[in-house]
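Please open the structure in your viewer and keep the selection panel at hand. The tour goes stop by stop, with something to select at each one.

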Amino acid sequence: MSNDILGRDWASPFRQIYWLLLSILASSLIFFLVSWGLGYSSSISWDVIAQGEALPFTLDSFEIGPFKLPLLVDTYLLTERFNGTALKLHTFPAYIFVALMSVLFVVLNSFITTLKRFWYIVAMGLVIVFLVSFQLEQLRLFGLYNKIGVIISFILYIPLSYFFHAIKPNILFKWRIVGFGVATVLFAVIIHFFSEVKSPFLYLATYGYAAPVLLTMLFILLVGAEILSGFVFLLTRSISVPKKNNNTFHFLMISGIYLANLFLVFLYDVNYLGWKLDFISPFILLIVSTGVGFFMYAYKEELYKNIYSYYPTGAILYASLATISFFTIGYHIFTANDPIVEVIKTFIYYSHLGYGLLFLVYVLANFLNPFGRGLQVYKVLYKPHNMPYFTYRFAGSIAVLALFLLTNYDTPMFATFSSYYNGIGDLHAINNEDKIAEAYYINGNIYSYDSHRSSYALASLALRNNDEKAAAHYYAKAIQKQSSEQAYINLSNAFIDKNQPFEAIFTLQDGLVDYPNSDRIKNNLGLLYYKVAEIDSAFIMMSDAQKAYATSSTAGVNMLNFVAKGNYSYNLDSLINLYADRDYFSSKGNIKVLYNLNNEYDETIDIQVDSTLNLLTAYHLYNSEINKVFGSDSIRTDHLLSLANRWENGYWNEMLVFGAAIGHYYNGNVIESFRLINNLANNNYQKAGYYYNVMGLLAMDQKAPRLAVDYFGKADYSAYEDGKRNIAIALSEAQLLDEAIPAWQEIILSGNPTTRYMAEQMLSFYNDTLANTDTKKYWNWKYEVAKNNFIKNELVREELTSSVYKNQLGLDLIDYHLNNGNYKEATEEFALIENVDETHLQRYYWLSMQIADINNDINQLRQNIDKISSGRSNTNQLAYYQMRVADLSGDTLTANNFITQFRNKNSFFEAGVVGLSNYYQKYNRPFEAYEVLVNAILVNKYSPRLLKAYILQCARMDFDSYAIYELERIRELIPGEDYQLLMEEYQELLVATRAEFEGY
């Protein structure tokens, strides 16, 4: 007998075969340990679901009269919650499983041929049972459903085995290996090429379920008492002096504690105890008992020497069974097939308890005296004198059976069937045969009603078929006994999708009881707490989740979300350092949101996104481009529109187009901004009111209140909340008293408290004829007095004591005259302005530039260009005045270069539109002069200045029919005397034009 468990002193080729088997066993053990460590995560991992929500914020505020009107746009916040993936169906371990079984089958068949005749016949009977158990008829070889596969296997293996056993018994062992190996390869080729099913080797792994499971159970029984034999070895490995050793006491004490703990596990299983001993892992018991069995198996040779010897047959048989067992258990853990795993766990406990009790009796019955004499009992442990080893084995088997009978013995049997059906369901699911797979999973669910695996698989199929109700039902079943974090979270998410937040909370709270350290559950629970306004609890949960590596980045995203939506005071840089993972894409998105909310520019480099957008990249791109409003960089409008026009980005089209529209506005291309927003309003009925309101605000910002009235009216018609208030403000700014006062009076009767206060303030400006402060006098004049009333203007100017209000009144009058094309009056009014305060200085410079432009004063233009605070929003205006300087200097090439920068960009920059038209007319390009004006009045249709210029240009080109329509419109926009002067000028120009044409 050799007890070298590594076979180092064995002859070749047995040593090589044994070492190969040990290597395979080590790999199987590693696979088992990895699968055990991964748990459900090997087949059910995690997805992170990012969700966006629009958060309105004030992008800009426009000072309109005494009010500040906010331009509210959306910025998009992200939240992230976890979701368990659908069940992953693994094929690679199944193929490895088939290959492993094939290798072991070849090796063991080769050894079977060396047995004595009787035991050879017995072993071959087992081989036949083994081959039949794989249900080879399921492969449909040659398209047949009969036993042709079994017949082929018999033909390949049985004659060959008999040949090696009886005809050529002296043939070298390596040739036996080669023979059975060739037969196995040939059988694999036949299966591969002639099977009529998809993935035939998966069929072998699936329908060959019984044989490896039974062999695993057999091996568990084989090693059931090995831990106690290990105790014997440890206590008696050295000779001790009689009467000075306590080996018997130590053995009874250690064995008693060990068996008592196993008995407590049994009592828990029969519901006699309400608490479970989790520190005794059945898999640790199996690993330890397998290791002890390796060492002690050589000492059992006396028991089986008449069948085979330890070297090499016994050792190789033991290694093979251990390999099959660990890979089988690892495979079922890896595929999350929990019913059979639970059966195996119970079987390990019960076999160790049943055989352990009887082995204790066996040892005491046979070796009590040697124990007391301090002898090395382990050497004779399997040479009993009183109680035969077979008796112990037989009684131990009865004890194990009794333990199962004392519990619900049918439960493990049904669980075994459940796992079998789960495997077949997986096979058909892998082959995309969902209906068949569902039927087998339902069978698995029936046989094991609390099976996590069957329920989770059915939930995965239900979601794949968009049946959310069925998915929720199966997730609820999946958490009844062998739960998982994923099942709890997915059930909670199902409740969220049905807008049942409290049911979702209760589910996660239950999950946190089962998995108190689950940071993913805490993350999702924190989101739900915030949703139901349990703010403190939300922050506590999310803070805990952020401390864990796996959930830190996701929880940080959600913490940024909480802060962004809450009314909290914070330092932006400190907040980002505290919660944000700057390498995590979602964090970058929420960082942009925080910068937007604080109206601060984020100077980090733009992230390049793919042409096909997703939720994260679309929101990040939009937030980033909107953020540029607060900086000096140009918004990439062309980039936004090019992405918006790709069909695969259709879901993000509206958001991207609006971002481009805002970008165009702040880049100075106001015409394009209005066009894009108008298209959005026309194409999006539900948000039309919002878009019309935005256009109204932008028109107010461009000093076009009459046009704003139209847009605000459309917004109000579309039931936009602030439509009526904004109409009233625009009517007041346009000095349409007959409409403005009733509008404010209606708001007092029906508006909310804020708008009612605004209405009261505005009506006081109209009604307070005895205003006693500069503020009231100024606002009364602004909204009630006609700006062409020279006498009233001078009276109010004299009454004002503050130079600030005097200057503001004067600048308003200059604006009024310029907007109406009354350049002489504007120049005269400008001469009255003096000692301009800092508040109005930039406005003064801009008006000064217009006066210098009218008077062709190149020096004044140059001086004011240097004084103007340049920025992205006034690049068009500066380009125009630089064009004028170049033109007045005679540098037409430079002038034309500047023209390309502002032409057709802003119809509300009336000085530039009219000036450019005059420039083209000066150089005898009348059609271009006309086109500039036509494009402008299509957008800024209520501008008297543009309409006057257009009407006079029509006169120069004899477009009388076009001019007549605009003459009718302008009559309503300017005072009667101004209209008469315009008609006279128009008629003189028209007569001169016609005379010139006749002369030509």
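Is Glu-654 buried or exposed, or does Glu-654 fall in between? Glu-654 has a relative accessibility of 23%, so it counts as partly exposed. Bear in mind throughout that this is a predicted model.

**Stop 1: Glu-654 and Lys-687**

Select Glu-654 together with Lys-687: their side chains form a salt bridge, with 3.9 Å from N to O. Glu-654 sits in helix α28 (residues 653-667), while Lys-687 belongs to the loop between α29 (670-683) and α30 (688-701), so the pair ties together parts that are 33 residues apart in sequence. Lys-687, with a relative accessible area of 31%, is partly exposed. This pair is a salt bridge, and the structure holds 30 salt bridges.

**Stop 2: other salt bridges**

Next, select Asp-716 and Lys-724. Their closest N and O atoms are 3.2 Å apart, and the two residues form a salt bridge. Lys-724 is partly exposed at 38% relative accessible area, and Asp-716 is partly exposed at 23%.

Then go to Arg-903 and Glu-931, a salt bridge whose closest N and O atoms are 3.0 Å apart. This pair links distant parts of the chain, 28 residues apart: Arg-903 is in the loop between α42 (892-902) and α43 (910-922), and Glu-931 is in helix α44 (residues 926-939). Arg-903 has 21% relative accessibility and counts as partly exposed. Glu-931 counts as partly exposed too, with a value of 37%.

To end this stop, select Asp-853, Arg-884, Asp-887 and Lys-922, which are linked in a network of salt bridges.

**Stop 3: helix α35 and its partners**

Show residues 753-767 (helix α34) and 774-784 (helix α35). At what angle do the axes of α34 and α35 cross? They cross at roughly 85 degrees and come within 8 Å. The two helices are therefore roughly perpendicular to each other. To see the contact, display the side chains of Met-762, Phe-765 and Tyr-766 in α34, which meet Trp-779, Asn-780, Tyr-783 and Glu-784 in α35. By class, the residues of this contact between α34 and α35 are 5 nonpolar, 1 polar and 1 charged.

The axes of α35 and α37 come within 10 Å and cross at roughly 10 degrees. That angle makes α35 roughly parallel to α37. On the α35 side of the contact are Asp-774, Thr-775, Tyr-778, Trp-781 and Lys-782; on the α37 side they meet Tyr-805, Gln-808, Leu-809, Asp-812 and Leu-813. The contact of α35 with α37 divides into 5 nonpolar, 2 polar and 3 charged residues.

**Stop 4: the nonpolar cores**

Which residues have the most contacts inside the largest nonpolar core? They are Tyr-18, Leu-381 and Tyr-392, in a core of 130 residues. Select residues 338-372 as well: this is helix α13, which gives the most to this core, with 17 residues. Now center on Leu-381. Setting aside residues up to four places away in sequence, Leu-381 touches Ser-229, Val-232, Met-296, Phe-359, Tyr-362, Val-363 and Phe-367. Another core lies apart from the largest one and has 87 residues, among them Tyr-622, Met-695, Ile-727 and Ala-734.

**Stop 5: Leu-87**

Move to Leu-87, in the loop between β2 (67-84) and α2 (92-112). Leu-87 counts as buried, with 11% relative accessibility. Select Tyr-40 as well: the C-alpha atoms of Leu-87 and Tyr-40 are 9.6 Å apart, although the two residues are separated by 47 residues along the chain. Leaving aside neighbours within four places in sequence, Leu-87 is in contact with Ser-43, Ile-44, Asp-426, Arg-453, Tyr-456, Ala-457 and Ser-460.

**Stop 6: Ser-455**

What is the relative accessibility of Ser-455? It is 0%, so Ser-455 counts as buried. Display what surrounds this side chain: not counting residues up to four places away in sequence, Ser-455 touches Asn-445, Tyr-474, Lys-477 and Ala-478.

Note on methods: Residues numbered from 1 in each chain as written. Predicted model: local features only at pLDDT ≥ 70, side-chain atom pairs only at ≥ 80, totals over all residues. Heavy atoms only, no water. Axes fitted to C-alpha atoms, helices over the stretch in contact; angles between N-to-C directions. Helix = DSSP H or I, 4+ residues; strand = E, 2+ residues; numbered from the N terminus. Parallel < 35°, antiparallel > 145°, perpendicular 65-115°, else oblique. Contact = heavy atoms within 4.5 Å. Nonpolar A, V, L, I, M, F, W, Y, C, P; charged D, E, K, R; others polar. Salt bridge = Lys/Arg side-chain N within 4 Å of Asp/Glu carboxyl O. Buried < 20%, exposed > 50% of the residue type's maximum accessible area, 1.4 Å probe, protein only. Core = buried A, V, L, I, M, F, W, Y, C linked by side-chain atoms within 4.5 Å.
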